Amino acid sequence: MRKKIITPLIACMALATATANAAWYEVTGASTILESKDQARERALEDAVYQALKYSGADIAGLADIRPYLAESRSDYQFSGNEIRHIQVLETKDRGGVMKLTARIDIYPAAKACHKNQYKKGLLLSRFDIVSPQQAALGGIFQFGDDFTVLLQRQFETQAQSFVVQGITPHNVSPTQPDIATMIAEDAGAQYVMIGSITDMSATIDQKVLRDDKTNRQLALSIDVLDGKSGDVIYQNIYRDIAAWPFERQSKVDTKTARFWTSAYGEMAQRVSRNILLDLESNLSCRATTPEVISINGQSGQINAGRVHGVKYGDELSLWHNASFTDQYGVNRTQLKKSDMVLTVTRVYDNSAEIAVSPVELGPSIQIGDMVTKHTL
């Protein structure tokens with residue numbers, strides 16, 4: 001049954017289990033056709049793979065690794081070193097300017113994926129500003145930056161495997177002001193801060209002789225991800241895409257409505273936001289999550305990670321003593337020393353959890369700011 005939703009329509013159905021840890025999935029992806037059917041096919045195939053990964057519980061970051069190969073127009077794709085082992089394109093249809101592709105995908109979910117062995121990392125977003133506001137005059141979409149930030153927030157809230165959004169900061173954050181970034185991150189309890197800018201929203205008119213002129217519009221943006229402790233930039237990327245602008249040139253477009261987000265341009269913006277999510281999952285998911293001890297009283301204490309981060313009652317945690325120092329040049333150097341003690345989660349709240357110390361006699365050695373990680377054998 002076809003539903004009217006903002007995100008592209010994708011159907012997903014498991015067919016049969018091949019082994020205890022692998023399964024074939026038959027999925028259908030859809031993509032609006034622009035100038036190239038090959039490009040539409042590639043995007044529809046990406047949609048299908050993405051839905052299969054989500055459905056199977058596999059690492060969605062695996063799509064970022066194989067995405068360059070999906071540009072090749074083939075019926076079969078074989079991969080190694082990835083949870084996705086085999087993709088077989090069954091059917092491709094072009095109906096009403098929409099490319100629909102059905103594929104069977106063989107997936108082997110890995111039990112030791114980083115997002116399964118670590119707690120989620122707190123991510124704070126800053127609002128995407130439009131560098132050249134005059135480019136937003138077409139359609140009057142001056143609020144697009146704010147609405148794209150909300151879209152990205154929802155993308156992470158509903159799809160992220162390794163991150164939990166700690167909100168959208170109203171403050172201006174810049175990579176050139178790391179001290180401000182670290183203070184804002186500490187206040188929000190975030191491990192990372194993402195800064196974004198929209199650098200291009202220009203439009204071009206494709207003049208037709210026998211048909212109405214067609215307007216295409218760019219979307220280019222850059223992101224910087226900052227470490228919440230040091231303020232250092234740990235990830236950067238630039239994204240660019242183009243889509244048809246289907247609205248009248250003199251009309252004012254509300255970028256909060258389904259009419260905008262289901263248009264070719266809105267769907268392209270959603271695809272860009274998903275690519276940001278996939279790239280962060282691919283590049284940052286295996287970095288250590290760094291919950292800290294925020295209070296300690298003898299044999300019990302509290303950490304600043306809770307239910308939203310994936311903490312559960314009974315979890316065992318390893319403790320790392322914070323021995324960081326400032327060197328002779330004024331640079332803060334991180335130094336962590338693992339303790340022999342094991343902490344046990346005794347009560348879980350949304351953003352924090354209570355812990356018990358074992359053995360009890362080592363409790364006095366715990367200090368505020370010491371880091372914990374999920375205990376693994």
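Helix 4 (residues 144-159) packs against helix 7 (residues 264-284) at an angle of about 50°, with the two axes 10 Å apart. The model is a predicted one, in which local features need pLDDT of at least 70, side-chain atom pairs count only at pLDDT 80 or more, and totals for chains, interfaces and linings use all residues. Residues are numbered from 1 along each chain as its sequence is written, and side-chain values use heavy atoms, with hydrogens and water left out. Helices (H or I, at least four residues) and strands (E, at least two) are DSSP runs, numbered from the N terminus. Axes are lines fitted to C-alpha atoms, for helices over the stretch in contact, and angles run from 0 to 180 degrees between N-to-C directions.

Helix 4 and helix 7 are therefore oblique to each other. Angles under 35 degrees count as roughly parallel, over 145 as roughly antiparallel, 65 to 115 as roughly perpendicular and the rest as oblique. The crossing of this pair is right-handed. A crossing is right-handed if the near helix is turned clockwise from the far one by less than a right angle, and left-handed if anticlockwise. On the helix 4 side, the contact involves Phe144, Phe148, Leu151, Leu152, Gln155, Phe156 and Gln159. On the helix 7 side, the partners are Ala269, Gln270, Val272, Ser273, Arg274, Ile276, Leu277 and Leu280. Contact means heavy atoms within 4.5 Å. By class, ten residues of this contact are nonpolar, four are polar and one is charged. Ala, Val, Leu, Ile, Met, Phe, Trp, Tyr, Cys and Pro count as nonpolar, Asp, Glu, Lys and Arg as charged, and the others, Gly among them, as polar.

Helix 7 also packs with helix 1 (residues 37-56), at an angle of about 50° and with the axes 13 Å apart. That makes helix 1 oblique to helix 7. Here the crossing is left-handed. Helix 1 contributes Arg43, Glu46, Asp47 and Tyr50 to the contact, and helix 7 contributes Arg271, Arg274, Leu277 and Leu278.

Buried residues (under 20% relative accessible area, with exposed over 50% and partly exposed in between; 1.4 Å probe, protein chains only) make up 47% of the 377 residues. The accessible surface comes to about 19200 Å², and carbon and sulfur atoms hold 47% of that area. Areas come from the Shrake-Rupley method with a 1.4 Å probe, and for residues only the protein chains shown count as cover. Among contacts between residues at least 6 apart in sequence, 65% join residues at least 24 apart.

Two residues in strands illustrate such surroundings. Leu124 lies in strand 6 (residues 121-126). Leu124 is buried, with a relative accessible area of 3%. Beyond its neighbours within four places in sequence, Leu124 contacts Gln166, Gly167, Ile168, Thr169, Ile184, Ala188, Ala190, Tyr192, Val193 and Met194. Leu124 and Met194 are 70 residues apart in sequence, yet 6.2 Å apart in space, C-alpha to C-alpha.

Ala353 belongs to strand 19 (residues 353-358). Ala353 is buried, with a relative accessible area of 0%. Residues up to four places away aside, Ala353 touches Gly301, Gln302, Ile303, Ala305, Val311, Val345, Arg347 and Val348. Pro359 sits in the loop between strand 19 and strand 20 (371-374). The peptide bond from Ser358 to Pro359 is cis, with omega near -5°.
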